[in-house]
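I opened the notebook for a new pair of chains today.

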Amino acid sequence: MLTIGKLLDKSLVICVGAGGVGKTTTAASLALGAAIRKRRAAVITVDPARRLKDALGLDDLTIEPRRVQVNGANFDALALDVKRTFDGVIRRFAPMPAVADRILANRLYQELSNELAGSAEYMAMEKLHEMAETRHYDLIVVDTPPSSHVQDLLAAPNRLTSLLASSAVSLLQAPSTLLSLTDSRLGKLTLSALLKGLQRWTGLDLLRDLSDFAAAFEGMTEGFSTRAAEVDDLLRSPETAFVLVTTLEPHTIDTTIRFHAQLAEGGFRVAGIIANRVVAFPEVGEVQASVEESLRSKLMANYSDLRELSRRDQRALRLLHRQTGCPLLAAVPVNSEGPTSLAALEGFAKQLL
Amino acid sequence: MAEPRLIFVTGKGGVGKTTVAAALGQQSADLGRRTLIVETAADGRLENLFPNRRRAGARHHLGAKLDSIRLDPRELVEDYFSGLLRFSFLSKRLFASNTFNTLTAAAPGITEFLLLDKILGWVEVRGAARRNRYDLVIVDGPASGHALKLLRTPRNLAAMVRSGPLGTTATQLLGLFSDPARTSVVVVSLPEEMSVRETVETYATLEDDLGLHVTRPVVNRVFPKRFSRSDLERVAADPAIHDSPVAVAAHFAAKCRREAERHVGYLRRHLGVTPLLLRQLFRPEITVADLRPFGRSLSRLLLSS
């Protein structure tokens, strides 16, 4: 896969990358790019910046996709609010509203839904699944949360279900289940030491909260497991492509290389890399100018510095290619401000295409 | 003899915390103060700055009077629970268990406390072995979100536990944190919108909620001022160059500078203090030689705030 055009022929594109690289903008632009090519497209964004949210016409109350129009091209956009979506999932899976209420009020749940690594990623995948099942898009583009753990994205559904699988209902009956030990007396001893240790830190009576939490979840675990398997299938489909969005700062490049390794290890298809905010000034020869010498030499010194940054960015691009083996789908030149309007978004999309 | 000091350097990922921590550390060591840089992140940015560092047990010796150590939160937790459990074969099974990992993620404060407990050992002089005594401990990172969690820990812990060794440590930490002569926080930003906004929010939490002493903010990678408006007008008026990459570069430089000034101005207005600026370097990478001028600039942070 070597071009953005080919990328836009897929059914699902997932934009992965460190925080602050322009993922949301890139994802929205890809959806717009597809729309320009007359495909029915949608973008799922997670916690987008205020300005972009405003530009797309999304507000905090939007929980369903919203139509965005840019010069005759239409696509749908949705901004996820992680916490609310997680609560929504609980409500959807709960056998009765009272069960959902109990879970949402449970202290452990509150801690977990804030702390559970991958909850934001899980929620994006949840919403994706729902939209893929119920609506008819040619292409869905997913912007992932600005976390630093791609494995959370991929493992999230499984992590949640394995926690639920070792639920406290079975815990109370045979505490050793927690540690998969055969000697239940030893297990009890270990478990109580563990829980005492944890209790000091949290003030939570974890055993009680966990048993409450797990009891409430009983009957929902199968739903979660099935869903997790379906999302996994979707992510692995040949119609799905992952795109690494990055900028060229050292810190960010490290993260991108790591993400790529995790995706490759998981057997997921990475279509390529989109690099944003690239400094690219070409080599120039001697410059004849009619301005005075002092200004001319300032100009040349400045150019020399920006050439240094350009070379640095080229080295970074080469490093990325070496370490990931991924093609560069687009290198978007730096522009001091991000897109704050639909016109700017269109400009960005055109640069990508 | 002044009491040992503690500095936390925080900010979003990639803003240059390690550079600032290293520059502060080098400056302090140059002034003859025994200094330790505590790394909290897994990446090796500090290694790149001090490629000749020597191993010295669990620490690295970066130079005269300057050491570093990396604290791995996972190791700290495992050590703690290994102590609790007493049977190592159980520990291994436990740490591999998904449930354990999820529960500890849901039990906020453990890793933070263990980190601070270790740091306290280097900052409290009483009873400390000579090799553990430092005049200055600089904590590099973590990034803002985690840093706030870390800095909130003594207060949370003291509220829950009032006695025993835990309670005592919590009280010691509270005392240390609330003394502006001993603990300071340095927040680093880039001259970019999201970065400065986050810095302003972080300040409010650190000062108002947590009662910590925060120095003037540091803004990293600030484009230098190069071209005046009349410079640019003359470039635009010269037919030989006005379309050339050289002219584009000049306008780009001016724009970067204007944007930087705009974001620095945002910080100044919202925080009521003048940020300390570190300029953009135009070199393939930062080296130790770059740290000294940065260190001298940064030393002003601790004199006034």
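I noted the ground rules. This is a predicted model, in which local features need pLDDT of at least 70 and side-chain atom pairs count only at pLDDT 80 or more, while totals for chains, interfaces and linings use all residues. Residues are numbered from 1 along each chain as its sequence is written, and chains are lettered from A and ligands numbered from 1 in the order in which they are written.

**Confidence.** I checked pLDDT, the predictor's confidence in each residue, from 0 to 100. Chain B has a mean pLDDT of 86, and 87% of its residues reach 70 or more. For the complex, the predictor gives an ipTM of 0.84 and a pTM of 0.79. I keep one caution: where pLDDT is low, the predicted coordinates should not be read in detail.

**Chain A, overview.** I found 15 helices and eight strands in chain A. Helices (H or I, at least four residues) and strands (E, at least two) are DSSP runs, numbered from the N terminus. I call two residues in contact if their C-beta atoms, placed from the backbone, lie within 7 Å. Among chain A contacts between residues at least 6 apart in sequence, 77% join residues at least 24 apart.

**Chain A, sheet.** Two strands pair if DSSP finds at least two bridges between them. I read the strand order of the open eight-stranded sheet as β3-β4-β2-β5-β1-β6-β7-β8 in chain A, with mixed pairing. β3 (66–70) and β8 (328–333) of chain A each have a single partner strand, so one side of each lacks a neighbour in the sheet. The twist from one strand to the next averages 20 degrees. Strands β6 (residues 240–246) and β7 (residues 270–278) of chain A run parallel, joined by five bridges. A:Phe242 has A:Val270 of β7(A) as its bridge partner. Helix α13 (residues 250–265) of chain A packs on the sheet and touches β1 (12–16), β6 and β7 of chain A.

**Chain A, helix pair.** Helices α2 (residues 23–36) and α15 (residues 342–352) of chain A pack at about 75 degrees, their axes 8 Å apart. α2(A) and α15(A) are therefore roughly perpendicular, the class for 65 to 115 degrees. Residues in the contact include A:Leu32 and A:Ile36 of α2(A) and A:Phe348 of α15(A).

**Chain B, sheet.** I read an open sheet of nine strands, in the order β3-β4-β5-β2-β6-β1-β7-β8-β9 of chain B, with mixed pairing. Its edge strands, β3 (54–56) and β9 (276–279) of chain B, each pair on one side only. Five bridges join the parallel strands β2 (residues 35–39) and β5 (residues 66–70) of chain B. B:Ile37 has B:Ser68 of β5(B) as its bridge partner.

**Chain B, one residue.** Is B:Asn48 buried or partly exposed? B:Asn48 is partly exposed, with 14 other C-beta atoms within 10 Å. I located B:Asn48 in helix α2 (residues 45–49) of chain B.

How values were computed. Axes are lines fitted to C-alpha atoms, for helices over the stretch in contact, and angles run from 0 to 180 degrees between N-to-C directions. Angles under 35 degrees count as roughly parallel, over 145 as roughly antiparallel, 65 to 115 as roughly perpendicular and the rest as oblique. A residue is buried if 20 or more other C-beta atoms lie within 10 Å of its own, exposed if 12 or fewer, and partly exposed in between; C-beta atoms are placed from the backbone.
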